[in-house]
Amino acid sequence: MSGKKLFTRRKFLKKTLAVSAGFTIVPRFVLGGAGFTAPSDEITKAVIGVGGMGRGHLKYPGAKLLAVCDVDENHLKRALEIGGPGVEGYKDFRDVLERKDIDIVHIPTPPHWHALISVAAAEAGKDIWCEKPMTRTIGEGKKVVEAVQRNGRIFRINTWFRFQSQYYGFGTTVKPIKKVVENNLLGWPLKVTVSATTGFNWKFYWSGKTFLKPKPEPKVLDYEMWLGPAPYKPYHPHRVHNTFRGYWDYDGGGLGDMGMHYLDPVQYILDKDRTSPVEIEADCPQQHPDACGSWRRIQLKYADGCMIVLDGENKDKNAAFIEGPEGKLFPGLESDIPHLKEKINSLPDPKPQVTDFIQAVRTRKKFTLNEDNAHRTCTIVNLSKIAVRLGRRLHFDPEKQLFIGDEEANRLIHQPMRAPWHL
Amino acid sequence: MKKYRLTFILLAVLTLFISIGTAQEKSVGLQTEIQKILQKYPAQNAADLDKLSYEILQMGKDGLLSICRLLVPPGKADDSRVRFALGGLTTYVNRTGKEEQRKLYAKTVIKALESEGDKNVKAFLIRQLQRCGKKESVRFLKRYLSDPLLGEPAVQALLTIGSYEAETILLRSLNAVPQNNKALVIKALGELRSQRAVRKILEYSSTRDRELLNVTLFALANIGDSRAEEVLNKMAVTAGPYERAQAPSLYLLYAQRLAEHGKKQLCVNICREFIRSYMSPQESHVACAALAVMVAVLGEKSLEDILAAMDSPSKEFRMKALELSDRIPGQEATTRWLERLENSRPEVRAEIIGMLGKRGDTSVLPLLLSELKSEARPVRLAAIPAVVNLGDSTVLNELWPMLQFDSKEELEVLKLALLRFSTPLIVPEAARIMLDVPPLARMVLIEILAERRAKEFVDVVFSQAKTEDETLREAVLTALERLAREEDLSRLVDMLLGATETREILLLQNAVVASANLNENKESRADLLLAALETSEGKTHLDLLRILPRIGGTKALHSLIEKTGSEDDRVKSVAVYSLAAWPDIDALEAVLSVILTTENPTFRYVSLKGYIRLIQGAELMPEEQYLLLSDVFDAAVELEDKKVILSGLSRIKSKQSLRYVAAFLQDPELQSNAARAVTRMALPGDEEELGLVGSDVEAALKQTAGIVQDIDMVNRIKDYLGVLWEQDGFVSLFNGKDLSGWMGNTSGYEADEGKLIVLQNRGGGNLYTEKEFSDFILRFEFKLTPGANNGLGIRAPLDGDAAYMGMELQILDNSAEKYKDLKPYQFHGSIYGVVSAKRGYLKPVGEWNEEEVLARGKRITVKLNGTVIVDADISDAIRNGTLDGREHPGLRRKTGHIGFLGHGSHVEFSRIWIKELK
């Protein structure tokens with residue numbers, strides 16, 4: 001089942017040069033010829049995966065679009081129409097990475113491809129703008145962090161609430177919340193509740209179907225390549241495109257969709273960018289081995305006693321968004337602390353953040369939501385997914401990024417990819 | 001209903017196994033027990049799942065095996081409960097203290113795997129082993145390594161289980177597996193970093209199979225054995241462009257592994273050579289990677305290499321080096337960095353300062369403070385945040401003088417730096433020096449005051465309002481919205497009266513509104529504005545009118561109402577718009593009065609929208625809302641008016657409102673709006689919000705389903721109609737997934753996602769309900785193909801020709817040429833040979849039709865797409881003999897099966913519901 005056709009598109013280069021003792025350094029511009037151009041001032045980009053989500057990326061400002069790539073001919077056709085002249089279409093992302101005139105690669109594919117394309121892009125010297133959730137497994141996330149950092153790349157994940165926009169139903173930006181917490185107005189440790197009451201509705205319509213009748217693969221879709229590293233399962237339209245989030249092979253239901261949007265600011269507010277929860281527990285109906293279902297409550301505790309509660313049923317109607325020993329913070333900055341809003345005004349600002357990705361690419365400064373902290377946020381999502389799937393309390397070592405005393409849970413951290421794909 | 005059907009399939013499948021036969025009698029009891037347990041899946045919580053898993057394990061190996069054997073190939077039947085059960089067991093046996101159960105379970109899964117015929121089912125079982133298998137599973141996985149479909153899951157399971165044995169099996173199978181499976185075995189050996197495999201993997205390094213070569217090179221690099229050096233080296237020059245680009249990455253991976261195996265120097269040499277060679281703009285990431293590997297290997301000893309990196313022309317490489325510098329903490333290293341700083345050009349200097357600011361070593365502070373005065377702007381820009389990070393509030397003394405600089409970029413950085421300090425440290429000083437700094441810096445200070453809501457210093461800000469500098473003036477006016485106090489209202493109003501620029505007027509309006517709304521007495525908030533309104537004229541007058549709705553109060557409202565009668569068209573127009581935007585329900589009557597009296601269509605439309613908004617915003621009961629909205633419908637003139645009212649009504653979830661809206665389903669101009677409104681009102685909402693019920697709701701929804709274009713919406717409506725019917729005593733005869741509940745020629749029919757399809761190539765034949773029915777209402781949908789012929793058998797026996805031994809209601813494409821000579825009693829809907837149906841009510845071929853059959857005693861009524869096409873008493877109909885002159889003994893039957901009578905043409909059925917009549 002491993003894609004036989006994958007490499008036929010390339011011509012075999014019959015070049016054999018003498019082999020010396022050391023690595024024969026053949027810089028690309030010596031062999032490469034075509035495509036090697038001096039770096040120009042204009043930042044350029046390619047978008048890999050141009051379905052519903054990817055089409056949005058085509059028009060993000062700041063960089064010039066040069067290439068689009070998809071395994072579905074219809075997606076590709078539409079993207080090329082939107083992209084206009086000067087944009088080329090590809091079916092294989094590796095052909096895009098070969099192009100030396102592209103600076104940034106956007107990766108709005110389904111999540112099972114995020115890690116592979118991110119690592120390949122990093123090794124090809126591209127900067128990366130990846131869709132959430134960052135990776136499907138914790139193991140893949142570690143590899144992305146390694147590859148991005150090793151190759152000196154600038155990476156961002158496509159969520160932004162830690163530095164801009166109104167933070168969903170909370171009703172303000174994240175900045176005043178950060179100020180309140182950073183200046184210890186609520187005390188420590190803190191409990192954060194993410195639920196409809198506090199402004200965050202969990203979407204459960206991403207559930208998968210537990211019974212699917214296989215269908216013939218559509219001609220316009222290269223299903224083999226769509227699956228890529230994911231296990232082979234017979235084709236059904238519900239598994240791909242707009243509904244793939246309902247299947248564990250590719251994503252993780254509503255957690256995969258909204259998890260990073262909702263939880264990245266929480267991690268920032270709690271100052272947990274360099275660590276992860278140590279104890280995770282989920283209350284949910286049993287999950288199907290293949291299809292994601294709903295859950296009632298997920299609770300994640302950090303070593304210092306801070307806790308994040310994902311209340312999927314919105315059971316706690318009195319929940320504060322953040323609760324500490326000295327006060328509570330509700331949506332709209334309402335609080336039991338008198339005159340909190342005035343107090344917030346007089347507090348110092350949090351550290352300035354690098355919030356312009358194109359500028360980060362130019363100055364080589366780490367973007368504020370980068371591979372490091374995005375991986376930690378995505379780890380909250382992935383830990384929650386595993387807790388939901390296993391239905392038992394889990395203990396996690398944030399340093400080693402492994403579960404303690406749970407072999408099966410660890411098997412979900414590292415899931416082998418289908419050949420020939422590897423990280 | 002669902003339970004009943006599932007039991008049936010399971011029993012059917014079981015029956016099959018029993019007839020194949022192993023241990024019959026004993027197993028019958030076991031099977032019943034299994035059925036009972038399976039009904040309880042999926043478990044609703046962890047405790048229930050544990051209990052169920054425990055119960056299954058209590059049944060021992062036979063029970064487990066029987067459950068595994070209930071798995072069916074994908075799509076054959078809905079075996080999701082079996083998959084839930086097995087998935088649950090896989091997790092259960094992984095709990096601590098369950099090792100015995102785990103072994104038993106794994107061994108049983110293996111046994112099931114061996115006897116299973118379908119490869120997709122086998123793959124499912126192998127994936128269970130991937131989650132729970134250990135040593136015991138390894139040797140059984142071996143036999144699947146050569147299989148085209150199962151090789152992959154087997155390798156993945158072996159890889160996950162790991163162990164020396166798994167490695168050995170993979171190694172030994174490498175030569176034996178077919179060409180297509182070699183890549184997966186080699187990849188796995190590479191991922192296991194199998195030193196033992198190097199010699200064998202090397203044999204594939206000259207393959208011409210690109211995929212295999214790629215994987216081979218990866219495996220060799222990842223294992224990191226020096227026997228592979230030559231091959232990895234050659235790759236850089238022989239492969240295609242993509243592989244060639246990968247070559248340095250793989251070679252560095254190899255080098256890293258060498259270091260892990262103790263060959264550190266060799267690794268470092270490779271890294272240094274790479275850094276020298278890959279520094280061109282588009283390859284410097286390779287140099288970065290080499291440096292990263294080297295720093296990881298050398299640790300503190302890599303300081304010289306990191307420092308040397310600052311000489312590189314590549315910014316990317318320098319920034320990477322600076323990032324890596326945090327691996328070498330300590331004073332000694334800091335000193336070296338300071339030396340390096342001295343000898344660097346401004347750009348690099350700025351980069352190093354940025355790093356030092358983050359490094360946290362405060363000993364560099366004095367030097368960085370002096371860099372604030374650097375001649376080079378990039379250096380100053382980097383030094384500002386760096387000193388704030390490292391220093392305390394005394395740093396401020398150095399920052400304030402920098403406001404004399406006049407670069408926008410620098411002032412922005414300075415502003416962010418100042419805002420890092422608490423209010424008492426920055427606000428009084430900002431106000432104090434405000435007049436002593438250049439205009440650009442003054443803007444920064446005003447923004448700081450506004451950000452901190454420093455109202456006590458609002459006078460300083462007001463003092464700048466008259467400046468000639470336009471950008472500064474805009475900053476002032478923007479700040480006033482945040483800084484204005486209640487007592488500032490009168491001067492703000494004065495400023496507003498004097499303003500002429502549009503942008504300034506907008507900003508001042510905001511400030512006026514903010515100031516007025518600080519007044520706790522709602523009624524007097526607008527007093528000043530109303531006074532100004534009296535004396536103002538022209539555009540100013542209008543600007544004042546426009547902000548009244550943002551302030552509110554009875555007096556303001558009355559004033560506005562009065563202006564709606566103004567002679568001046570512009571005043572009148574602004575007044576009508578402002579009234580429609582009024583914040584509370586007090587304005588309702590006045591808005592209504594505009595709606596009823598105005599002849600200006602725009603005024604009417606705007607006021608209607610305002611009227612609806614006011615009603616929706618007030619806390620009114622649904623009945624009150626309904627009355628207020630439906631009342632105003634007569635005042636609607638234009639189509640758009642009516643649409644907006646329908647949309648308003650659609651938010652009221654009441655039957656009253658639904659009935660009102662449903663009346664417009666027949667109005668061609670409004671029907672699509674009415675349909676949207678009906679769905680919004682009648683269907684259940686997202687959050688536990690129930691749908692509306694009742695026969696009028698049902699009728700409205702049926703009509704709506706015929707209007708709505710969106711197929712998903714049509715399905716949602718029909719699903720909900722099913723819910724309503726269920727409440728009315730209907731049960732579904734077809735689960736949409738499989739043929740449970742049906743018997744007869746089941747191979748001629750197929751269930752596919754809600755559709756029951758008559759398979760043309762297999763002839764169809766007769767498909768009967770298992771149950772018998774006598775008096776009933778049957779509802780179903782069907783779709784014909786050109787020339788299609790089928791029939792609906794009722795009260796039929798399982799044997800014999802249903803048209804005579806039971807009753808056949810014809811299902812036929814009346815429009816087909818080949819049927820033009822049929823007798824009237826042979827067309828669609830007719831009781832075959834007995835009663836002729838009315839013709840002309842079928843939808844065009846290819847569209848879905850709805851049919852309802854009422855059978856009560858001798859009375860048979862057939863309704864097609866809402867029209868009665870047969871309504872007959874059988875006794876009357878045959879009093880003078882049948883139409884076809886043949887015997888129809890079936891007409892005397894009181895009960896029997898319902899069936900589809902296939903005549904070899906493709907027909908689809910769906911949504912089949914029945915209600916038995918007592």
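**View 1. Chain A and chain B bury about 8300 Å² between them.** Carbon and sulfur atoms account for 54% of that area; buried area here is the accessible area (1.4 Å probe) that two parts lose on being put together, summed over both. This is a predicted model, so a local feature needs pLDDT of at least 70 and a side-chain atom pair pLDDT 80 or more, while totals for chains, interfaces and linings use all residues. Residues are numbered from 1 along each chain as its sequence is written, chains are lettered from A and ligands numbered from 1 in the order in which they are written, and side-chain values use heavy atoms, with hydrogens and water left out. Chain A brings 90 residues to the contact and chain B brings 104, contact meaning heavy atoms within 4.5 Å.

**View 2. Arg131(B) reaches Glu408(A) in a salt bridge.** The closest N and O atoms sit 3.0 Å apart. The count between chain A and chain B is 6 salt bridges (a side-chain nitrogen of Lys or Arg within 4 Å of a carboxyl oxygen of Asp or Glu). On the chain A side that touches chain B, helix α1 (residues 28-32) gives the most, with 4 residues; helices are DSSP runs (H or I) of at least four residues, numbered from the N terminus. Sorted by class, that side of chain A has 39 nonpolar, 23 polar and 28 charged residues. Nonpolar covers Ala, Val, Leu, Ile, Met, Phe, Trp, Tyr, Cys and Pro, charged covers Asp, Glu, Lys and Arg, and the others, Gly among them, are polar.

View 3. Over all chains the count comes to 38 aromatic pairs (rings of Phe, Tyr and Trp, the last by its six-membered ring, with centres within 6.5 Å; planes under 30 degrees apart are stacked, over 60 edge-to-face, the rest tilted). Phe357(A) is in helix α11 (residues 357-363) and Phe367(A) in the loop between α11 and α12 (371-390), so the pair ties together parts 10 residues apart in sequence. Phe357(A) is buried at 3% relative accessible area, and Phe367(A) is buried at 1% (buried is under 20%, 1.4 Å probe, protein chains only).

**View 4. Thr564(B) sits in the loop between α34 (554-563) and α35 (569-580) of chain B.** Thr564(B) counts as buried, at 14% relative accessibility. Neighbours within four places in sequence aside, Thr564(B) is in contact with Lys572(B), Ala575(B), Val576(B) and Leu579(B).

Definitions and conventions. Helices (H or I, at least four residues) and strands (E, at least two) are DSSP runs, numbered from the N terminus. Buried means under 20% relative accessible area, exposed over 50%, partly exposed in between (1.4 Å probe, protein chains only).
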